[in-house]
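Colleague: I'm new to reading models like this one. Could you walk me through it, feature by feature?

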Amino acid sequence: MQLATPNHLMGNNVWATSFAGTENRTAGDLGSGPERRADYELSSPSAMCNIPQHLMEPILLDVARERGAKFLFNTELMTMSQDANGVHSICRDRLTGEEFEVVSDYAIGCDGDNSVVVKSIGIETEGQMGWVRRSTFGLRPT
Ligand SMILES: Cc1cc2nc3c(=O)[nH]c(=O)nc-3n(C[C@H](O)[C@H](O)[C@H](O)COP(=O)(O)OP(=O)(O)OC[C@H]3O[C@@H](n4cnc5c(N)ncnc54)[C@H](O)[C@@H]3O)c2cc1C
């Protein structure tokens, strides 16, 4: 990854309440620290690197657009239902408040852990919440 930080330049990850706030944990995460480096090197032929979302996302968008994808930003999926004509998604433009319907042959849910899609199709979820908080306080190796 040309835009990513290579492993040998990845410093410590600092977990803090804010830039000037309480520092909860500092660790050489993602294989940059000696305690986990071997795990990472043994698990992949590629070296670990780190790229922030604001650099990664434009790469993914450009490739998807080259292949014909269209993106609507500032758009919230409100509800989703399915009938014989397809999937009906009610969306809201978060800048204007305008609601509109998108009808599609199918839909792929990738709306995170509080998913409208998952709730709309009635899938039950289970699991333990709060793992990020636990790892922040050093109770779980990262
Ligand atoms: C602080 C932190 C650090 C992390 N670091 C790492 C890491 O170093 N490496 C790693 O592998 N993982 C890391 N993770 C975990 C990783 O970010 C998540 O596992 C991953 O982002 C989940 O991807 P996702 O696509 O399922 O959901 P998300 O990334 O949460 O994407 C869901 C998207 O759907 C959108 N959305 C949600 N609801 C709606 C709606 N109703 N209408 C329209 N859009 C909607 C959201 O705005 C969001 O853009 C980290 C997580 C956190 C919080």
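Colleague: Which domains does the protein chain have?

Modeller: Domain bounds come from an automatic or database domain assignment. Here that gives domain 1 (1-63) and domain 2 (72-142), with 27 Å between their centres, taken over C-alpha atoms. This is a predicted model: local features need pLDDT of at least 70, side-chain atom pairs count only at pLDDT 80 or more, and totals for chains, interfaces and linings use all residues. Residues are numbered from 1 along each chain as its sequence is written, and side-chain values use heavy atoms, leaving out hydrogens and water.

Colleague: Okay, which residues are around the ligand?

Modeller: A residue counts as near if one of its heavy atoms lies within 4 Å. That picks out Thr75, Glu76, Leu77, Cys110, Asp111, Gly112 and Val116. A backbone N or O atom of leucine 77 lies 2.8 Å from a nitrogen atom of the ligand.

Colleague: And how many salt bridges are there?

Modeller: A salt bridge is a side-chain nitrogen of Lys or Arg within 4 Å of a carboxyl oxygen of Asp or Glu. The structure holds four. In one of them, arginine 92 meets glutamate 76 at 3.1 Å, N to O. Glu76 and Arg92 also belong to a salt-bridge network with Arg94.

Colleague: Is arginine 92 buried, partly exposed or exposed, and why?

Modeller: Buried means under 20% relative accessible area, exposed over 50%, partly exposed in between (1.4 Å probe, protein chains only). Arginine 92 is partly exposed because its value is 25%. Glutamate 76 is partly exposed too, at 26%. Methionine 1 counts as exposed, since its relative accessibility is 58%.

Terms used. Polar contact = N/O pair within 3.5 Å; in protein donor to acceptor, adjacent residues only side chain to side chain.
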